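This report describes selected elements of a protein model.

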Amino acid sequence: MIESRIIVKDATEKTGCVTIAELVNADYPVRTMVRQEDGRGAQLKKKGSVMKLFKIAALFLLSISTHAALAGEIKPYSQAEFNKLAAEGKPILLDFRADWCATCAAQAPVIRELMAQSKYKDLTTFTIDFDTETALLKAYNVRLQSTLIVFTGKQEEDRSVGDTKREAIELLLNKVVH
């Protein structure tokens with residue numbers, strides 16, 4: 001999930017009103033200030049302000065699409081897609097999780113944050129429901145929820161169980177991303 005937002009602030013000054021619009025994104029901060037004055041010409045300046053806000057919105061949408069293109073994917077497990085990526089020798093993370101698991105809940109934001117980095121753009125994370133996917137649990141010899149397994153193609157490189165530390169999860173991912 002990409003965390004971007006536009007913040008619009010109004011501040012009144014003696015000469016008029018200042019509107020500050022700020023695009024907040026972890027990688028691309030953008031800030032624009034639009035001055036709106038009272039009196040003659042205010043209508044024209046208002047129209048220009050609206051255009052500037054449209055430009056800010058366009059920048060926001062552009063940053064989302066660019067950011068998404070540089071981020072690794074997180075999606076539900078698909079055997080066909082796993083097989084395709086494995087045959088291509090791609091890096092894969094299997095994330096065995098349960099909705100009720102506090103450790104899994106602590107791992108999730110760390111994984112999302114790391115996967116948003118361009119370094120992991122080729123890594124695909126598959127989430128697997130620990131409670132319903134019993135055949136996959138047996139196939140991958142998983143006994144506990146909060147298990148993370150990294151693959152390069154079909155080759156398992158390493159696994160981690162119950163680790164919530166960012167550094168440890170990053171080290172695990174780095175074993176398949178160069």
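## Basis and salt bridges

A salt bridge is a side-chain nitrogen of Lys or Arg within 4 Å of a carboxyl oxygen of Asp or Glu. The model is predicted: local features need pLDDT of at least 70, side-chain atom pairs count only at pLDDT 80 or more, and totals for chains, interfaces and linings use all residues. Residues are numbered from 1 along each chain as its sequence is written, and side-chain values use heavy atoms, with hydrogens and water left out.

Over the whole structure, 9 salt bridges are found. One of them joins the side chains of Lys75 and Glu81, at 2.4 Å from N to O. Burial is expressed as relative accessible area: buried means under 20%, exposed over 50%, and partly exposed in between (1.4 Å probe, protein chains only). Lys75 counts as buried at 17%, whereas Glu81 is partly exposed at 27%. Glu73 is linked with Lys75 and Glu81 in a network of salt bridges.

Asp95 and Arg97 form another salt bridge, with their closest N and O atoms 3.0 Å apart. Asp95 is buried, at 2% relative accessibility, and Arg97 also counts as buried, at 19%. In the salt bridge between Arg159 and Glu156, the closest N and O atoms are 2.9 Å apart. Here Arg159 is partly exposed at 29%, and Glu156 is partly exposed at 31%.

## The open sheet

Helices (H or I, at least four residues) and strands (E, at least two) are DSSP runs, numbered from the N terminus. Two strands pair if DSSP finds at least two bridges between them. An open sheet of 5 strands has the order 4-6-5-7-8 and mixed pairing. Its edges are strand 4 (73–76) and strand 8, each of which pairs on one side only. On average, neighbouring strands of this sheet are turned by 20° against each other, direction ignored; axes are lines fitted to C-alpha atoms, for helices over the stretch in contact, and angles run from 0 to 180 degrees between N-to-C directions.

Strand 7 and strand 8 run antiparallel and are joined by 6 bridges. Helix 5 (residues 166–174) packs on the sheet, where it touches strand 5, strand 7 and strand 8, and its direction makes about 25° with that of strand 7. Helix 3 (residues 102–115) lies across strand 4, strand 5, strand 6 and strand 7, at about 160° to strand 5.

Thr147 lies in strand 7 and is buried, with a relative accessible area of 2%. Its side chain reaches the backbone oxygen of Leu144 at 2.5 Å. Beyond four places in sequence, the contacts of Thr147 (heavy atoms within 4.5 Å) include Asp95, Arg159 and Ser160.

Ser160 belongs to strand 8 (residues 155–161) and is buried at 13%. Leu148 stands opposite Ser160. Leaving out residues up to four places away in sequence, Ser160 touches Ser146, Thr147, Leu148 and Leu172.

## Helix 2

The buried residues of helix 2 (residues 79–87) are Phe82, Leu85 and Ala86. They lie on the same side of helix 2 because they cover an arc of only 100° around the axis, the arc being that of the directions from the helix axis to the C-beta atoms. Their cover includes strand 5 (91–97), strand 6 (124–129) and strand 7 (147–152). Ala80 and Ala87, on the other side of helix 2, are exposed. Just after helix 2, Gly89 takes a positive phi of about 75°.

Conventions
A polar contact is a pair of N or O atoms within 3.5 Å; within protein, one must be able to donate a hydrogen and the other to accept it, and residues adjacent in sequence count only if both atoms are side-chain atoms.
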